[in-house]
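Me: I am new to this structure and would like a close look at one part of it. Could you start in a loop and then walk me through its surroundings?

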Amino acid sequence: MHAIQVDHVVKRYKNGVQALNGLSLSVKEGEIFSLLGQNGAGKSTLIRILTTYLCPTAGEIEMMGKDIKKDAAVIRSQIACVAQQTSIDTYLSLEENMMFQSRLYKIPKAEARQRMERLISDFGLSQYRKYPVSSYSGGVKRRLDIALNMMVNPKILFLDEPTVGMDIQSRIAMWDMMNKIRDGFGTTIFLTTHYLEEADSLSDNVCIIKDGKEVTQGTPAELRSLLRQHNLQVKFSSSTESKANLGLFQMQFQGKKFFQHGNIIVINTYSAQSDLLEITSFLLKQNIPFVGIEITEPTLEDVFLRLTQNGQEDQE
């Protein structure tokens, strides 16, 4: 059974803005599902609908086999949502926050303590349990926020950009936590993220949306195979240099697609070896300074950019 089934959903606000335009997607039980899209693509609106804060204008949604319009109260009791802003009492300790959460949801005290001990152990939070939350780092606060929401044993956990602003060590700890939630608790995770490598490494399935409508959905490997191309990457010493040379590439090699990623220009190619020689020759003849050039396999980020952008936009 699918944890979430969205069919041709439309959301039109009173001011006339249409945030979702016939969106369809499906999320399997017990998987990590990533929703990707540019700002304004409709991600936040969809999460608000799935968490029952908003009603769709049209379309059908089932969650855990229940209709979201008819059974919103039942669905609400079986889901949890962790927003970008943490919702923790910073004056209380980790233990106090978790037990307070259990009282809000009327979880019996013995059961609550059992759940709390498992979550603290599984998520590596033991050393923080007695200290006030105000003394925690941002990454630990985010992990605690997720642990709090796991106290209610949700069937679906919504995570809205859970690793934004974190350093790499905190992000790795969060990735480990998400894998444990899926594998150890059997919870379905619905994730939004701006880190494409995060979606690539964590997700069982990914959906890319644009202008309120799905562009494609599948496993990361299936999405990468859509391109059926290799990339050439030319690296410059700065994004200013790569931006300055982008126009020269477009003029010299008309018909090829170029994308700028910071200090790198990416060229889509069906003939990697011959294009490598041709572009290297061009760079040397024009005395264009560059750091390096290489053939690479397409990434999920390449797929995302290709499907959500028109033309050769600058991605810095």
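**From a loop to a pocket**

Reply: Let's begin with N153, which counts as partly exposed because its relative accessibility is 44% (buried means under 20% relative accessible area, exposed over 50% and partly exposed in between, with a 1.4 Å probe and protein chains only). Before we go on, please note that this is a predicted model, where local features need pLDDT of at least 70 and side-chain atom pairs count only at pLDDT 80 or more, while totals for chains, interfaces and linings use all residues. Residues are numbered from 1 along each chain as its sequence is written, and side-chain values use heavy atoms, with hydrogens and water left out.

N153 sits in the loop between α5 and β7 (helices are DSSP runs of H or I with at least four residues, strands are runs of E with at least two, and both are numbered from the N terminus). Its phi is near 55 degrees, a positive value in a residue other than glycine.

Now step into strand β7, residues 156–160, where you will find L157. With a relative accessible area of 0%, L157 is buried. Which residues does L157 touch, leaving aside neighbours within four places in sequence? They are A80, V82, I146, N149, M150, I181, T187, T188, I189 and F190 (contact means heavy atoms within 4.5 Å).

Rolling a probe the size of a water molecule over the atoms shows where empty space is left. On a 1 Å grid over the protein atoms alone, a cavity is a set of points where a 1.4 Å probe fits but cannot get out; a pocket is an open set with protein on both sides within 12 Å along at least five of seven lines, and lining residues have an atom within 4 Å of a point. The largest pocket holds about 400 Å³ of space, a volume being the space filled by probe spheres set on grid points joined across faces, edges and corners.

What is its lining made of by class? Seven residues are nonpolar, six polar and two charged (Ala, Val, Leu, Ile, Met, Phe, Trp, Tyr, Cys and Pro count as nonpolar, Asp, Glu, Lys and Arg as charged, and the others, Gly among them, as polar).

Just after α3, K106 takes a positive phi of about 55 degrees. K106 is in the loop between α3 (94–104) and α4 (109–122), and its relative accessibility is 74%, so K106 counts as exposed. For both K106 and N153, then, phi is near 55 degrees, but K106 is exposed while N153 is partly exposed.
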